[in-house]
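Hi! Here is the structure I promised to pass on. Have a look at it first, and then read my notes below.

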Amino acid sequence: MTQTDAFLATARRVIGIEARGLTALADALDGSFSAAIDTILAARGRIIVSGMGKSGHVGRKIAATLASTGTPAQFVHPAEASHGDLGMITEGDVALVLSNSGETPELSDIIAHTRRFGIPLIGVASRAGSTLLVQADVAILLPRAEEACGTGIVPTTSTTMTLALGDAMAVALMEHRHFTPDHFRTFHPGGKLGAKLLKVADLMHDGGAMPLVSEAAPMSDVLVEMSQKGFGVAGVVDPQGRLTGIVTDGDLRRHMQGLLSHTAAEVMTRAPRTVTPIAVAEKAVALMKDRKITCLFVVAEDGLGAPLGILNIHDCLRAGVV
């Protein structure tokens, strides 16, 4: 066996062991999981996640996932808690404490604090009779599973199970609260996720920035409007203010001979492509690319009425929408 084959064999063995651990976790879940979700839903404050060592690293991720999906949460380091950060855990909160053994000494002050002030405690550990699970209001017992390290001393499968348990909690809470992409964007305004969830209304130009002319406007006025607004197009509206057409550079070229003798209605392209303000900007960009155009007028969801704005593909690209 080559060294490459050996590395791959190890990787597949580790992943297989951890996959079996996740299967065991799924099979072992019972009413305590539902009780934990009910406890979190009843909280008036935040979910305080804590753990030491590898459990602490997993706890930070769980807290971040909860917070980003509509459940206010924060991580409190157990050692720091013993030196003043216990004040971060208040009545109305729920403590979610992680420990593989359930006997981590650094957790003792947090456990005692929750008992003293009647703060609901959800304990997650792999030993049924451990201090953490005995003291917890809701005890979630992780199933016995082989650590993937081969020696049984490096937290591998156990941390994977704990991480998956946190994800399961977050998704269960999301589904109960009907958490939508719009809600998700509220907590992810920056970066790639935020850009993918931007709405047309977030990027469109409205009001006086829109290039609009009446159907009866002479083409000389249309050219001025197109030049002043800088979008390379002009929307054409009827006497009721409804968008009936659009004048583009292509329309100008097609009517080059005698252009200034025409009105906007005689030159415009009728029934132009439009988009609604609640549409995801990414879909609007896909439409513009497919139609080989650079702008879309934004209209009400029913497609009727006055234009609400204009969306330019370059604004979308600058915002990271691709």
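Strands here (E, at least two residues) and helices (H or I, at least four) are DSSP runs numbered from the N terminus, and two strands pair if DSSP finds at least two bridges between them. Strand 10 pairs with strand 11 (residues 295–298) in the parallel sense, over 2 bridges; T274 has F297 as its bridge partner in strand 11.

**Helix 7**

Next, have a look at helix 7 (residues 157–176), which has 20 residues. Its first and last C-alpha are 28 Å apart, close to the 28 Å expected at 1.5 Å a residue (that is, 1.5 Å times one less than the number of residues). Among its buried residues are M161, L165 and M169; buried means under 20% relative accessible area with a 1.4 Å probe, protein chains only. Just after helix 7, H178 takes a positive phi of about 55 degrees.

**How to read this**

Residues are numbered from 1 along each chain as its sequence is written, and side-chain values use heavy atoms, leaving out hydrogens and water. As the model is predicted, local features need pLDDT of at least 70 and side-chain atom pairs count only at pLDDT 80 or more, while totals for chains, interfaces and linings use all residues.

Cheers!

Conventions
Buried < 20%, exposed > 50% of the residue type's maximum accessible area, 1.4 Å probe, protein only.
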